[in-house]
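Let's walk through this one together, starting at the metal and then moving on to a sheet. Have the viewer open as you read.

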Amino acid sequence: MVKYVLGTMVGVALALVGVEARAHAFLDHASPAVGSTVATAPATVTIWYTEDLEPAFSRMTVTNAAGQQVDLGNAHVPPGHPDELQVGLKRLPPGTYHVSWHVVSVDTHPTQGTFTFRVGG
Ligand SMILES: [Cu+2]
C-alpha cells in the first residue's frame, strides 16, 4: 500500500514537471533562421516562441561582430501575434550578427537565448 501511494505521488510530480516545462517560452523558429546565411540584408528579426509572451518584459537586441547595436531599439510583440517578438534593423552590411533575447512567458517564467545569422555579400 505504501509503495502504491509513493508510486502515485512520483507519477503526479512528474506530470507537474512536464506541464511546467511545456509552459516556458522557448524559441520555436526565427527569421532569419538560426545559424543561417541570407543573401539580402533583412529589415527585421522575428522570433516565434512556443508560448505567448509578456510584452512588457520581452527584449531582443542585435549586434554586429564589433559588438555594436544594429537594431532600431524597437523590439515588440506585434499586435495579434502574442507568441512573436520582432525588432527592426539598420541597413546591415555583409557580416555576422548576434541576436540576444530575453523573454517572460505569460506564466511569468523567464527564458533567454542567443543565436547568430550571417548576411552574405
Ligand atoms: Cu514556465
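Predicted model: local features only at pLDDT ≥ 70, side-chain atom pairs only at ≥ 80, totals over all residues.

Residues are numbered from 1 along each chain as its sequence is written, and side-chain values use heavy atoms, with hydrogens and water left out.

Start at the copper ion, which His-24 (ND1), Asp-107 (OD) and His-109 (ND1) coordinate at 2.1 to 2.6 Å. Donors here are N, O and S atoms within 2.8 Å of the metal (3.2 Å for Na, K and Ca), and water is not among the atoms, so sites may look incomplete. Along the chain, the donor spacing reads H-x82-D-x1-H. His-24 sits in the loop between helix 1 (2-23) and strand 1 (27-31), and His-109 in the loop between strand 6 (95-104) and strand 7 (110-119), so the pair ties together parts that are 85 residues apart in sequence. Helices (H or I, at least four residues) and strands (E, at least two) are DSSP runs, numbered from the N terminus.

Now for the sheet: it is open, has 3 strands in the order 1-3-5, and pairs antiparallel. Strands count as paired if DSSP finds at least two bridges between them. Strand 1 and strand 5 are the edges, each pairing on one side only. Strand 3 (residues 44-49) meets strand 5 over 5 bridges, with Thr-44 partnered by Gly-88.
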